[in-house]
Amino acid sequence: MSLIGETLERCLEAETAEDADLIMLRGQSRTLTVCEVKNGKVERFSRVNLGGIGVRVLMDNKSWGFCSTNSFDFESIETALKNAIALGKATSKPNRKQISLEHSKATVAKVKAPLKKKPDLEAQEIVQIPQQACDGARGAGANIADVKATYLCIEDDRNFLSSEGAKIQQESTRIMLFIDVVAKQSGLLCPASENLGHTGGLELFDEAPPQTFGREVGIKALDLLKARPPPSGKFPVIIHPTLCATLLHEAIGHPLEADLAMSGGGFGNRVGEQVSSRLVTIYDSGLVPRGLGYFPYDDEGVECKRTDLITQGILKSFMHDRTSAATAKTAPTGNAHAWDYSVEPLIRQTNIGLKAGDFSEEEMVEDIKEGLYLEGTFGGQADSNADFTFGFQNARWIRNGKLMETLRGANVAGNAIEVFKTVDAIGKHAVLRPGACGKFQFAVQGRIAPLIRCEIMVGGMGG
Amino acid sequence: MNSLEDWQAFSDLVHKTMTKLGRFSEISLAESFFTNSESTEVTIRNSQIFTQNKRVDSGVGFRIAVPHNRVGFACTNIVNERTILEAAQQALGIAKASAELGNFCMPFKRKVPSVKGLCDPRIIEARVEDAVDVAERAINAAEGFDKRVIAKDGRVIFTSQRVGIENNQGVDLEEQRTEAVVYLGGGGEQEGEVTSSCYDIQFSRTIDLTPEAVGESAAQQVTQMFNPKPVKSFQGTVIFAPQAVSYQIVEVLIDALQGSNVLSGKSAWSDKAGQNVAQDSLTLIDDASLPHGVGARSFDDEGSASQKTMIVDKGNLQSFLHNATSAEAMGSENTGNASRSIQGFDLADMIIGQGYRTTPAIAPANLTVHPGNKSQEEFISETSKGVLVTSMAGFPQAGSGMISAQLSQAFFIEGGEVKHPMKGGMISGVVFDWLQTISGIGDDPKQFQNCTVPSIRVEDAKIVGASRG
């Protein structure tokens, strides 16, 4: 056990600890390395060293309290524990409903996310990664006005200890590369962006050399200068994995998080019912190799296995933390995750996936008389009633079964339940994509998405 | 580190490190930005208070430049003499590996205004029970307003923060600030139809929140959303309520106004300085020195004095927003808009975090649209066919100013009356085009985190209906 682990263990044995029904302690150290190159120049190069302790307690089996501190010494942690207890007590009133958590097994584990090439580079070598991506994009053509390439490495050492006897240490490294390009011609600005990312090391760039990656995004932005705006209205669409990943996360993922699902509406109270097309099978799994949401255990010490959410269109389960699972009288699914030690875990997706089908892209296109092929993502939003909206970066017209001219980006919107009923074809290959989410606190997540065909509303400005 | 003594000890450690850095002849510019913050937060989930949080954090970030303007940054929240010096040395190491940034600079010492009312001792002394009380009052107000309404989610947050900045050009500043926030999101169900989430939010520098007003407003919005109907697509008048203005429209304006974007040509207003960019009813200022102002402060996040800046005067673009570096590069006045808060949805920024964890970008302190003299009701009564947009969802497109947003809370207007809430539907257009069709500014300004904005009415906007045909 590490030094943090030992201090946390001492804290569990402190006299104060006896007042709480359950104590969960999380100690973490995190190092972030960020190198951002803008138009060929290192604009930001940062090293962020963070560490601290989060103390979470359940009081009178009714109410949670949480306190975090950036100090690692025993006195500070004990003060945090006292604070957490006082916070928990503030609402554990007699008339409050009980939270009857299922007893958790005392897992003792030490896990390390697989990694092939350690990111132990000299500063000069780090700069090369975003620099090459930036060069690639700038080399795509004269009308590239602005390029920002950002390399990011997150190294985490997380310790979890609970009064139930759990002792879990998880180490992981995550590498990402983001690129944002703006092409400009006579006042028209066309943005394009793309992200790379995985849980693992620098082997990420063996498959996707930064220069090639940058160039591809540059070409996309340049193509958009010649494109017309997309139309508006409801269309049959084919959604590329880059966008399907966002659709999965926003449209289906969020409304299937138990805290949102159980607030009424959307998918609430519909477990066991047919909620979407029979072609649709959706799961969430913390164990997808290289997924940005690779977590063997969640921040309540629960194992993150595969959870079947929708199987052949039938709603099987929500994503739960221990509290929501207790309310729904089911087992927790390992979806309690906190961005770092300083915040309390929330119900989050890890790696959400849509099972591949048996259609080729050609087969999907040839059935459409008039429709759109949507690609690339600009992020989105979702409501607990399953309404969603998110942006695509570019599109192609489909007419009479053929892919036609390129169109610019816009947003799409709809209700997940309605849209997923219209899914009538799913592609053969599902692709692992990096993702991120800002539900109250930040999270990095994976998504496994194939091509899909459905009907959706497009908010374009063209005719 | 709640006490003043602890803060002084921390501040002394940082100053001592800065003195040590002064002996490194290879350093041309050095800056430390350090904070200590403490927040108490109460979370509401489905009609109940779900959890109570307290967060204590402190840390220091160093920006260091070596000759030829090569810059590095490193920070730590592990506070002791060794770790602080290590962070400073890391920043120096990184600077040596960086490339030249032409106009990089840091502000010189200058008198800063003393902005009153930024710190309320009652927030510093508040107990969790006080936050719980605010949360309960908000829930009760919402659910007491109409029994179909559920307080789905909400937050009450009390924050107090001490900020310090020192650089080797004479800047040496400290300030204590407090903030209180109450947020309530409500939803409702009637005949199997679930409304979208409707919310209200209140920010204050003092503890004097009115959670009843927030709860009631959220609930009232929910009850207005029952029995929505789809409409057909059309072009018409759109009245953006303050909440709709505060998010996507303000986001697009900030993007166009950031000096760094103007320099790189990414701003749609890059070549519009001194020109007309909107109807003359639009006047836009940024006021960082407003007493008691949410977002106000005596100095910005690199130590430049706060000021009031005229940005758009009766439709004419007067100034962009700058920090020291962008002002130097453009030969403009530094408007004191260096900010270490997260702007928009930049993935790297979200991962790094804000405050001492990051380097300063550019942001308004409190972007203010001068209110007009018409009420929302008058706007509605003058509209033959249009939409009142209370809330829209989705991100605007950076740079181009394009918005194609889901109408998450909107009402169809015909013959001067609100006919019904809208089911589905989107609005699509370019903010810069809308600014040229403004036909009225409302008399109803509302304070948000980084702006104070009233309703804005525009003409000929494109509404995408969910109804076919």
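Chain B and chain A bury about 6,800 Å² between them, and 54% of that area sits on carbon and sulfur atoms. As for who contributes, B:Gln52, B:Lys54 and B:Ile351 together supply 9% of the area that chain B buries against chain A, more than any other three residues. All of this comes from a predicted model. Counted by residues in contact, the interface takes in 81 from chain B and 93 from chain A.

What about the polar side of this interface? The rule finds seven salt bridges across the interface of chain B and chain A. A salt bridge also links the side chains of B:Glu136 and A:Lys93, with N to O at 2.8 Å. Residue pairs in polar contact across the interface of chain B and chain A come to 36, with both partners at pLDDT 80 or more. On the side of chain B that touches chain A, strand β2 of chain B (residues 48-66) gives the most, with eleven residues. Sorted by type, the residues on that side of chain B split into 33 nonpolar, 31 polar and 17 charged.

Strand β2 of chain A (residues 41-59) lines up with strand β3 of chain B (residues 70-76) in the parallel sense, and the pair is held over four bridges. To pick out one spot along this pairing, A:Asn49 has B:Thr76 in β3(B) as its bridge partner.

Turning to the inside of chain B, the chain is divided into domain 1, covering 4-219, and domain 2, covering 228-469. Taken over C-alpha atoms, the centres of the two domains of chain B are 23 Å apart. Domain 1 of chain B puts 45 residues into the contact and domain 2 of chain B puts in 39. Between them, these two domains of chain B bury about 3,300 Å², with carbon and sulfur atoms giving 58% of it.

Charged and polar pairs turn up at this domain interface too. Across the interface of domain 1 and domain 2 of chain B, the rule picks up four salt bridges. The side chains of B:Asp57 and B:Arg357 meet in a salt bridge, at 3.4 Å from N to O. For polar contacts, the count across the interface of domain 1 and domain 2 of chain B is 14 residue pairs, both members being at pLDDT 80 or more. Several strands of chain B, namely β1 (29-45), β2, β3, β4 (149-167), β5 (172-190) and β7 (198-204), each supply at least two residues of the side of domain 1 that touches domain 2. That side of domain 1 of chain B is made up of 20 nonpolar, twelve polar and 13 charged residues.

Back in chain A, a set of antiparallel strands is worth a look. Strand β16 of chain A (residues 387-399) and strand β17 of chain A (residues 402-415) run antiparallel and are joined by eleven bridges. Within this pair, A:Arg399 has A:Lys402 in β17(A) as its bridge partner. The two strands β16(A) and β17(A) form a hairpin with two residues between them, and in the turn A:Asn400 has a positive phi of about 50 degrees.

Technical notes
Residues are numbered from 1 along each chain as its sequence is written. Chains are lettered from A and ligands numbered from 1 in the order in which they are written. This is a predicted model: local features need pLDDT of at least 70, side-chain atom pairs count only at pLDDT 80 or more; totals for chains, interfaces and linings use all residues. Side-chain values use heavy atoms; hydrogens and water are left out. Contact means heavy atoms within 4.5 Å. Buried area is the accessible area (1.4 Å probe) that two parts lose on being put together, summed over both. A polar contact is a pair of N or O atoms within 3.5 Å; within protein, one must be able to donate a hydrogen and the other to accept it, and residues adjacent in sequence count only if both atoms are side-chain atoms. Ala, Val, Leu, Ile, Met, Phe, Trp, Tyr, Cys and Pro count as nonpolar, Asp, Glu, Lys and Arg as charged, and the others, Gly among them, as polar. Two strands pair if DSSP finds at least two bridges between them. Domain bounds come from an automatic or database domain assignment.
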